[in-house]
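Reader: I'd like to go through this one term by term. Can you take my questions as they come?

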Amino acid sequence: MYTASDLRKGLRIKLDNDPFIVTEFNFVKPGKGQALYRCKLKNMVNGNQFERTFRSVDVFEAADLQEKRMQYLYKEEGKYCFMDNESYEQVFLSEDQVGEAKNFLLDNIEAEILLFEDRPLGISLPNFIDVIVTKADPWAKGDSVSGNTKPVTVQTGYQVQVPPFIEEGEKIRIDTRSGEYLTRVKG
Amino acid sequence: MTVDDSWKLSAKEDALRQRARMIRAIRRFFQDQDFLEVETPLRIPAPAPESHIDAVASGEWFLQPSPEMCMKRLLAASYPRIFQICKCFRAGERGDRHLPEFTMIEWYREGTDYRTLMDDCEALITLVARELGFDGIFSRQGREIRLRIPWERITVREAFRRYATMTAAEALRTNRFDEILACEVEPQLGMESPVFLYEYPAELGALARVKEGDPGIAERFELYCAGLELANAFSELTDAREQRRRFEETSRDRRRNGSPLYPMPERFLAALPQMSPSAGIALGVDRLAMLLADKSRIDEVVAFTPESL
């Protein structure tokens, strides 16, 4: 069981017998007033989105979903193919179902595929992945003043803001949940 | 795994410098008017009972959700003009505009009512903005906000009539007041100039005096700018018996909602009869910093958030 204060982006809850994922979340509260939890919810089966405001007293069931570890094989005609390495069963996910994870799909990467009654719904990647920087502007010492960041492109084509000292060919760690750069990986 | 994120901290330098300049200007504003700067304990035995504010426990006591209890005791002890810039703590409050630990500027004036505090707000924010280089106008999320005084004063009833899908009375009756206020009214408030939202329903001003000749209205206002709630003010209730009755009612509300209960602030209630008619206000420093630095998230105007510790 969840209460409204557990709501956050990415949480999966069950409403009216469908699984929903919280796609946007904001805590709103007039100073002396009730806490309100404004959510955008996406039906994980049909993709329908709607907004709903919850209060502290609201409670929800967790969506009972199954996760299976599968390996990313290839992308074809807008579908991403994953395979269960034990049963060799293959499933196909749409662009929508893969979502932001498409930025981090390294070849053969293992991911958790989310299933609801054997239908694939979504994907979750390891929290951290190490990727090679394939495109970066060189570090101009002159603009190393505090606070500067620069965009680089990594091997999956994803663009991310990093500190200015990161150079092409280096390996960096990215948090796949936030999409943010974490640290440089040596060796 | 060690993660070096000092670059994230250093990226906040401009915002933090501006925040410091702002706090310096606030302090000078009050010192120049002969306000006494006070410090009251952050750890207190009994926070003011509020229906929707939860305190953070600290041992047997609590971290203050607001410095109100102690500051009013000073007021009752004949300190006529006092201010404090301090940390406040509210359990479970975290969002784009909320931190569970945040900074408040709170001030009190004896011998006056909340209208004087509206004048204070106008003068204070104009001064702070000027200190940051804004001459009566600044930009907030692509809109120009003009500070030319006087700022509009709009009653709660009128604001609901103008911006909401139901009247304030109807919203209250259906227990949707806060929701309608937050979702329909607030986003429209102060989009050209700051706005005072005032004359709250009496049940929404637990520490406020009711308006003379209209017991249904609390002498309470909130200051909004660009949809952002900045300050809350009251003409202070000085009737100890009435105050106790309201605290008990609030505590009953809390019990009904399953919220934690707090001891009755007895020493505050004992001091209340000595308090002259006064007015008091709390203004969120982080919110003001967000406003003037044109930041949409409170995280951008503080060095550390709970998540980054």
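**Talking through the labels**

Author: Two residues are in contact if their C-beta atoms, placed from the backbone, lie within 7 Å. For chain A, 45% of the contacts between residues at least 6 apart in sequence join residues at least 24 apart. This is a predicted model, where local features need pLDDT of at least 70 and side-chain atom pairs count only at pLDDT 80 or more, while totals for chains, interfaces and linings use all residues. Residues are numbered from 1 along each chain as its sequence is written, and chains are lettered from A, with ligands numbered from 1, in the order in which they are written.

Reader: What makes up chain B, in helices and strands?

Author: Chain B has 10 helices and 14 strands. Helices (H or I, at least four residues) and strands (E, at least two) are DSSP runs, numbered from the N terminus. Chain A, by that count, has 1 helix and 16 strands.

Reader: How do you know whether chain B agrees with a compact globule?

Author: By its radius of gyration, taken over C-alpha atoms, against a globule rule of 2.2 Å times the number of residues to the power 0.38. For 309 residues the rule gives a value near 19 Å, and chain B has 19 Å, so the two agree. The C-alpha atoms fill a box of roughly 55 × 45 × 40 Å along the principal axes. For chain A, the C-alpha trace spans about 55 × 55 × 25 Å.

Reader: How do you know that the buried residues of α2(B) line one face?

Author: The buried ones are B:Ala15, B:Arg19, B:Met22, B:Ile26, B:Phe29 and B:Phe30. Down the axis they fall within an arc of 85°, so they line one face of α2(B); the arc is that of the directions from the helix axis to the C-beta atoms. On the other side, exposed residues include B:Asp14, B:Arg17 and B:Arg24. What covers the buried residues includes β1, β5 (81–89), β6 (101–110), α4 and α10 of chain B.

Reader: Why is the span of α4(B) called close to the expected one?

Author: The expected span is 1.5 Å times one less than the number of residues. α4(B) has 18 residues and reaches 26 Å from its first C-alpha to its last, against 26 Å expected. Its buried residues include B:Leu117, B:Cys121, B:Leu124 and B:Val128.

Reader: What makes a set of residues a nonpolar core?

Author: The members are buried Ala, Val, Leu, Ile, Met, Phe, Trp, Tyr and Cys residues joined through C-beta atoms within 7 Å. The largest core has 119 residues, of which B:Leu197, B:Leu230 and B:Leu288 touch the most other members. Helix α4 (residues 114–131) of chain B supplies the largest share, 8 residues. Not counting residues up to four places away in sequence, B:Leu288 touches B:Met22, B:Val128, B:Leu230 and B:Leu283.

Reader: What makes the peptide bond between B:Ile149 and B:Pro150 cis?

Author: Its omega is about 0°. B:Pro150 is in the loop between β8 (143–146) and β9 (152–155) of chain B.

Methods: A residue is buried if 20 or more other C-beta atoms lie within 10 Å of its own, exposed if 12 or fewer, and partly exposed in between; C-beta atoms are placed from the backbone.
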